[in-house]
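Colleague: I have the model open and want to talk through how its pieces pack. Can you put it up and start with the terms?

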Amino acid sequence: MNKIFCLLSVLITLHSCKSKTVEPEETKPNILFIVVDDLGYADLSIMGSKFYETPNIDALAKAGHIFTNGYATSAVCSPSRASLLNGQFTARHGLTQYEGAPSGLKWKKRNRYTKLLPPEYKHHLSQDDITLPEVLKAYGYTTFFAGKWHLGSAENQSLPTNHGFDVNQGGYEKGGPYSGGYFSPFNNPYMTDYEDEKGMSLSMKLAKETSKFIEKNKDTTFLAYLSFYAVHAPIQTTQSKWKKYRDKADSLGIAEKGFEMERVLPARKYQDNPVYAGLIEQVDEAVGSVLKTLKNNGLDQNTIVVFTSDNGGVTSGDNYSTNQLNLRGGKGYQWEGGTRVPLFIYLPWQKHSHQVIEVPVTGADLYPTLLDLANIPLRPQNHKDGLSLKPLFEGGIIADRSLYWHYPHYGNQGGEPVSVIRQDSWKLIYYWEDNHAELYNLDADLGETQDLASKYSKRANDMQTELLDWLHKMNTQYAVEDPDWDEQARQQRLEQNRTKLMPKLEAQRKDMLRPDWRPNNDWWGSAVSPNQTN
C-alpha cells in the first residue's frame with residue numbers, strides 16, 4: 001500500500017493525459033546497467049591486472065568516467081544489489097546478508113564456532129521501496145532484467161517483475177548458476193534453453209537476451225539491466241580459454257606457494273587462476289556483444305552505460321578465485337578488497353572523456369544519478385542515502401558526507417561482524433566481537449596494514465561515535481554473543497584451516513596449472529558443439 005501511495009505522486013500528474021506515463025519534455029536517454037557478480041576492483045586489465053584480459057570493458061571505461069573510489073554498499077551480494085535498486089545503505093533497508101544465509105541458532109549448526117550469533121535480516125527487497133525501474137517505468141521507460149536477482153522469490157512476491165521490470169530473463173532466488181552451470185542447457189526456470197545454444201556460455205546467453213530486448217525496443221526509451229551470474233562460483237570456462245591463461249600464468253612465472261593465511265581462511269596471493277581468467281573473458285565478450293548491438297542499431301549515441309560489481313573479488317572461500325593486488329581481502333571481508341569495486345559510467349554526450357573521479361561514491365548513488373541524467377525529478381524520500389553524481393561529470397562537487405557499511409554477520413569468505421565508516425581518506429572498522437576499532441588512512445595505506453586507532457585516538461573516537469549513533473537511528477539489527485561459545489573449538493577450527501585446508505588448496509591450484517589438467521570430459525558442457533560461443 002505504501003508503494004502505491006508513493007507512486008501516486010508521480011502518476012497524479014497524468015490525470016489530463018491519455019497515456020499512463022509521464023510525457024517526457026525531451027528525448028530521454030536509454031540506460032544499459034551492467035552488474036558483474038563478484039568481480040573484484042583489480043579483476044580488469046584497466047584496473048591494474050596483468051593477467052586478466054578485458055578489452056571491451058576497458059574500452060567502455062576509457063570512453064566514460066572511471067571512479068577510483070567506487071564502492072558496493074556491502075561485501076556480499078544481496079545487500080548491495082538491493083542498494084543499487086533502492087538507493088539506501090544496508091542498515092536502512094535491512095537486507096544485511098545474502099539471501100538464504102542462516103542466522104541465530106541455524107548459523108550455529110554450521111559448526112563455525114564463532115563468538116557471536118548473527119541476527120535475522122530481511123530476506124527480500126521490500127515491497128515498500130520505490131525502486132529505480134519503477135520510477136523510470138512511470139516516466140515512459142520500458143524495463144528489462146536479465147540474470148542474477150537474488151533479492152526474493154515468487155513465493156514472497158519479490159521477483160524482478162514485482163519491482164518495476166516489465167521483462168525478466170533468468171532472475172530468481174538463486175545466487176549462482178547452480179541449476180545448470182555456465183554452459184547450456186542452463187535449466188533456469190525463468191529462461192528458455194534453445195537447441196542452437198548448446199555450448200553457449202551463460203554470460204553470452206544473457207547478453208543475447210538483452211540484445212534481443214534492445215533490438216525489439218529500439219524505438220522506445222528503455223532500461224536494460226544486465227546482471228551476470230558470472231564470475232560467481234562454481235567457476236567454469238572452455239578448454240581453449242583455460243589453456244590460454246594456463247600458458248600465460250606459466251610465462252609470467254608460477255609461484256611455488258599460492259596461498260597465505262588471513263585471520264580465518266587461506267587467501268589467494270596471486271592472480272593466476274586460468275579458469276577464473278577465462279570466465280572473466282567470457283563476460284568481457286558478452287559485454288562487447290551488447291555494446292555492438294547498441295552501435296549497430298544507432299543507439300550508442302543515446303544510451304547511458306553503467307558498469308559495476310556487487311562486491312569484491314573472491315580471495316577466500318567459494319572458489320578462492322583471485323587476488324586484489326594492492327587491496328587487502330576480498331568478497332565478504334571488511335577491508336577494501338571486499339567493498340571497493342569497478343565503477344564506470346559512460347555518457348554518450350561526453351565524447352572520449354576518460355575522466356578519472358576520485359570522490360568516494362557507492363552503488364546507492366546510481367539511482368538518483370540516473371534520474372538526474374534523465375531529467376527526472378529526484379526522490380530523496382526513496383533513495384535516502386544516495387546522491388546524484390551528475391555534478392562530478394560537469395567538473396563540480398557533491399556534498400561532503402560519511403559513507404556507512406553494516407554487516408553484523410560472518411562471511412563464508414572469512415569476514416567478521418563489523419560496521420564501517422569512511423570520511424574523506426579515513427576509514428574506521430568497528431568489530432562487534434570485542435567492540436574494538438581499527439583506523440586506516442587509505443591515501444597513505446591502501447592495503448590497510450597500519451592500524452592508527454591509538455595514534456589518532458580522538459579521530460577514531462569521533463568516527464566511532466558517529467557510526468554508532470547513525471546505526472542507532474537506523475534501528476538496525478546486531479549480532480549477539482553465543483552463551484555456549486567455545487574458544488578452544490574455534491582455535492581448533494582455525495588450525496584445521498591452516499594445516500589441512502591450505503595444503504588442499506595448494507594441491508588444487510597446482511593441479512589446475514598442469515598442462516594436461518582436465519576437469520571432466522566435456523569441459524562443463526562447453527564442448528558440446530564445435531560452433532560454440534565461448
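Modeller: Angles under 35 degrees count as roughly parallel, over 145 as roughly antiparallel, 65 to 115 as roughly perpendicular, and the rest as oblique. Axes are lines fitted to C-alpha atoms, for helices over the stretch in contact, and angles run from 0 to 180 degrees between N-to-C directions. Helices (H or I, at least four residues) and strands (E, at least two) are DSSP runs, numbered from the N terminus. This is a predicted model, in which local features need pLDDT of at least 70 and side-chain atom pairs count only at pLDDT 80 or more, while totals for chains, interfaces and linings use all residues. Residues are numbered from 1 along each chain as its sequence is written, and side-chain values use heavy atoms, with hydrogens and water left out.

Colleague: Fine. At what angle do α2 and α9 cross?

Modeller: Roughly 55°, with the axes of α2 (residues 55-63) and α9 (residues 274-296) coming within 7 Å. α2 and α9 are therefore oblique to each other.

Colleague: Which residues meet there, α2 against α9?

Modeller: From α2, P55, N56, I57 and L60; from α9, D284, E285, V287, G288 and L291. Contact means heavy atoms within 4.5 Å. The residues of this contact divide into 5 nonpolar, 2 polar and 2 charged. Ala, Val, Leu, Ile, Met, Phe, Trp, Tyr, Cys and Pro count as nonpolar, Asp, Glu, Lys and Arg as charged, and the others, Gly among them, as polar.

Colleague: And which strands does α2 lie across?

Modeller: β2 (65-67), β10 (303-309) and β11 (343-346), and α2 runs at about 65° to β11.

Colleague: Back to α9. How do α7 and α9 cross?

Modeller: The axes of α7 (residues 202-216) and α9 come within 9 Å and cross at roughly 10°. That makes α7 roughly parallel to α9. The contact divides into 7 nonpolar, 6 polar and 2 charged residues. Among those meeting are M204, A207 and I214 in α7, and V283, A286 and V290 in α9.

Colleague: Now the sheet with 8 strands. What is the order?

Modeller: It is an open sheet, ordered β6-β5-β7-β1-β10-β11-β2-β12, with mixed pairing. β6 (167-169) and β12 (355-357) stand at the edges with a single partner strand each, so one side of each has no neighbour in the sheet. The twist averages 15° from one strand to the next. Two strands pair if DSSP finds at least two bridges between them.

Colleague: Do β5 and β7 run parallel or antiparallel?

Modeller: Parallel, with 6 bridges joining β5 (residues 142-147) to β7 (residues 222-227). A146 stands opposite L226 in β7.

Colleague: Change of topic: β15. How many of its residues are buried?

Modeller: 6 of the 6 residues in β15 (residues 418-423) are buried. Buried means under 20% relative accessible area, exposed over 50%, partly exposed in between (1.4 Å probe, protein chains only). V418, V420 and R422 point one way from β15, and S419, I421 and Q423 the other way.

Colleague: What does β15 pair with?

Modeller: β14 (residues 403-407) runs antiparallel to β15, joined by 5 bridges. W405 has V420 as its bridge partner. β15 also pairs with β16 (residues 426-431), in the antiparallel sense over 6 bridges, where V418 partners Y431. β15 and β16 form a hairpin with 2 residues between them, and D424 in the turn has a positive phi of about 50°.

Colleague: Last one: L105, buried or exposed?

Modeller: Exposed, at a relative accessible area of 60%. L105 is found in α5 (residues 104-108). The C-alpha atoms of L105 and L117 are separated by 7.0 Å, and the two are 12 residues apart along the chain.
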